[in-house]
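Thanks for coming. I will keep this short and go through a few contacts, one after another.

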Amino acid sequence: MRSPIEFLLLPALALGLCDSSLAQTARWFPPQDMMTVGVYYYPEAWPEAQWDRDMANIRKLGFEYVHMAEFAWAFLEPEEGRYEFAWLDKNIELARKYGLKVVLCTPSATPPAWLVREHPEVLMVDAEGQRMEHGSREQADWSSPVYRKYVEEIDAKLAERYGTNPNVWGWQIDNELSHYGRGMSYAPAAQEKFRAWLKEKYGTVDRLNRDWGNSFWSQMYNNFDQVRMPDPRALVAGANPHAMLDLHRWFAAETADYLRFQAAALRRYVKGQWITTNFMMNYDLVNPALSARDLDIMSFTMYPVSGGLFRGELGFRMGDPAMIGFTHDFLRNLGSGVEGPMELQPGQVNWAPVNPWPQPGVIHAWIMRAFAQGARLVCVYRYRQPLAGDELYHKTIVEPDGVTLAPGGKEFVQAMEEVRKLRTMYQPASAEPADYAARRTAFLNSFENRWDMDNRKQTIRWDTIGHWMKYYRALKSMMAPVEVIDESKDFSQYRYLVAPSYQLVDADLIKRFREFAERGGTLILTCRSGQKDRRGHIWEALWAQPIYDLIGAAIPRYDVLPPGREGTVTAGGKSYQWGTWADILEPRPGTTTLATYADQFYRGSAAATSHVLGNGRVVYVGVDTEDGELEADLLREVYASAGARPAKLPLNFIVDWRSGFWVATNFTDTDQPIPAAAGATLLSGERVIPPGGVAIWK
Ligand code: GAL
């Protein structure tokens, strides 16, 4: 097992980051600061006479940096080749005057009108053939060489002017790279790049025909020029699953290529400033891991209360802490290890189907959850509420008068005061508690699996992320620290590995799983695992047969139930309901049954098994229950018998440890007592915390 400090450095070490870049990261994010909080400000939208007042107030409230120029292309380059930086110079100078660091942005999310009128081919075309218009944002096709040329020019101009400015701390590329609900761009430039990518991957069209299974329905191509990006809406009986998988792979690679391209444009002039982009939490078309080498830090945008219901009566006011935690644990394991939400919701938003008021206290709880999970920065979207234009109803740090602190602003102020107080007690050498460290778990994340399952769900009840979150939530209810990793990481440094619904496998991965268990690890695999090869082909074998030796059981069939029908599964004398997915297991001699189906024609068959392999074991949970309680109970039992002493917290009441501090956040419907020892010193909150509440102790 590694020490906690080694765990913090692991992503950096794995990437082979040199000492000097680690030292650089420590200069940007001094460890003793732990976490720093900033705010978005759009000076171009407010009268110049208010800039000084706003900047002074931002600092007075306790923010430590200000984020600017994100969508400002029309102000930076009002006409082709005519640049105007005076307004930004003034604001950077004001930030300096008040002791605020500055994050600048590349404005590529919002091309100006002159550019798209001159070059309409830079606009994206959606799957239905509709070309986007000027206005809104993310309307450009980043495969377009013309668009890239303009982006490169404005990025380089910005970097040339500010890339060595001592007050500029870092850069954000674009914003939430995506085309939001419009999916991918199907513009001619994108089509061409997709074809080039396929040619590179397959070499010959015969190989593509074979791997895509094109012999069925005469889908055969004579040459690559005939191929188009598959569009499910233009295909009478749906899109070819292998073509869809490749489309997702290509789009993620192309997006990473565009980020790399912009990072390179900035790096022509940028010295000693970091570069990031703000990925979207839970957006599956873009894979942040593909950009780990190109960005200095990882950030994301986080709007937990935006129309979802989530667990319990109050879930819609607090969001899903599992998804939030998963995102932190994923991004922290990429690149330098520095991560944090670049946009955090300060109150009601305007863009969800319904926009409820968040539970009082929960904004503070989101910030302290970020702290607890190791985030090094948090930034709030945004300081002032727009009075005209888009996002009118969006709450902000101050009320629409521009000066009065709004309720969410008060929660930010409280959190920032707490962080400053915790800094005074920071002890670099505080050792991670042994019980806590002993539960550290790797969670194997795969975008490819998610794409493939979401493309071919087999039941409308299937929800890949929902399934994963049942396991993540269960881990957190045991107070297990989680590292979300992908296959590029070495499994051997962990004792527990959870690989949920790992559908696409190959012989090498199965061997790595086996070795992991044989050396004493506990591997947890779940339903749908091992069903296909990496191309998304079903094995020419028994169903999922390549994993039978690994799990010590056969999977002769699986079942799914129509909406409204539930099946029952029992374990340890308790009953649980399922409806989404059930792998029916046939344990081999020596394999233990952990859960059993109690009804349907396969009543009495195994639903979950445990197979001893060398010094460790492989647990297979074949059923996906409605509320995830079975998964939580099984995991707890498995960890306890492996000697890990799991805690037993209610799901969504979360307790983490960071740098000597315990942090509890309550995302349940009821008051929760904190698991603090009698002699513990309470630094924030009470010993019983309400929904949306936080407690911190030492
Ligand atoms: C984010 C987006 C921001 C802003 C915000 C409003 O998704 O990145 O630019 O629109 O939503 O909540």
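This is a predicted model: local features need pLDDT of at least 70, side-chain atom pairs count only at pLDDT 80 or more; totals for chains, interfaces and linings use all residues.

I start with helix packing. Two packed helices are described by the angle between their axes and by the distance between those axes. Take helix 5, residues 86-97, and helix 7, residues 145-162: they pack at an angle of about 40°, and their axes are 12 Å apart. Helix 5 is therefore oblique to helix 7. The crossing of helix 5 past helix 7 is right-handed.

Which residues meet there? On the helix 5 side they are Leu88, Asp89 and Ile92, and on the helix 7 side Leu158, Arg161 and Tyr162. Sorted by class, the residues of this contact are four nonpolar, no polar and two charged.

Two residues of that contact deserve a second look. Arg161 and Asp89 form a salt bridge, with the closest N and O atoms 2.7 Å apart. Because Arg161 sits in helix 7 and Asp89 in helix 5, the pair ties together parts that are 72 residues apart in sequence. How accessible are the two partners? Arg161 has a relative accessibility of 42%, so Arg161 counts as partly exposed. Asp89 has 26% and is partly exposed too.

That brings me to salt bridges in general. The structure holds 49 of them, and I will pick out a couple.

One is between the side chains of Glu128 and Arg233, at 3.7 Å from N to O. Where do these two residues lie? Glu128 is in the loop between helix 6 (113-118) and helix 7, while Arg233 is in the loop between helix 9 (205-211) and helix 10 (241-267). The pair links distant parts of the chain, 105 residues apart. Glu128 is exposed, at 58% relative accessibility. Arg233 is exposed as well, with a relative accessible area of 55%.

Another salt bridge joins Arg473 and Asp320, whose closest N and O atoms are 3.1 Å apart. Arg473 belongs to helix 17, residues 464-477, and Asp320 to the loop between helix 11 (315-318) and helix 12 (321-331). Are the partners buried or exposed? Arg473 has a relative accessible area of 12%, under the 20% limit, so Arg473 is buried. Asp320, at 10%, is buried too.

Salt bridges can also share partners. In this model, Arg148, Lys193, Glu254, Asp257, Arg260 and Asp294 are joined in that way into one network.

The axes of helix 16, residues 447-455, and helix 17 come within 9 Å and cross at roughly 130°. That angle makes helix 16 oblique to helix 17. Arg450, Met453 and Asp454 in helix 16 meet Thr464, Ile465 and Trp468 in helix 17. By class, this contact has three nonpolar residues, one polar and two charged.

Last, the histidine. His394 lies in the loop between strand 8 (377-380) and helix 14 (407-423). At 1% relative accessibility, His394 counts as buried. What does His394 touch? Leaving aside residues up to four places away in sequence, the contacts are Tyr303, Pro346, Gln348, Val349, Asn350, Trp351, Tyr381 and Gln385.

That is the end of my part.

Note on methods: Residues are numbered from 1 along each chain as its sequence is written. Side-chain values use heavy atoms; hydrogens and water are left out. Axes are lines fitted to C-alpha atoms, for helices over the stretch in contact, and angles run from 0 to 180 degrees between N-to-C directions. Helices (H or I, at least four residues) and strands (E, at least two) are DSSP runs, numbered from the N terminus. Angles under 35 degrees count as roughly parallel, over 145 as roughly antiparallel, 65 to 115 as roughly perpendicular and the rest as oblique. A crossing is left-handed if the near helix is turned anticlockwise from the far one by less than a right angle, and right-handed if clockwise. Contact means heavy atoms within 4.5 Å. Ala, Val, Leu, Ile, Met, Phe, Trp, Tyr, Cys and Pro count as nonpolar, Asp, Glu, Lys and Arg as charged, and the others, Gly among them, as polar. A salt bridge is a side-chain nitrogen of Lys or Arg within 4 Å of a carboxyl oxygen of Asp or Glu. Buried means under 20% relative accessible area, exposed over 50%, partly exposed in between (1.4 Å probe, protein chains only).
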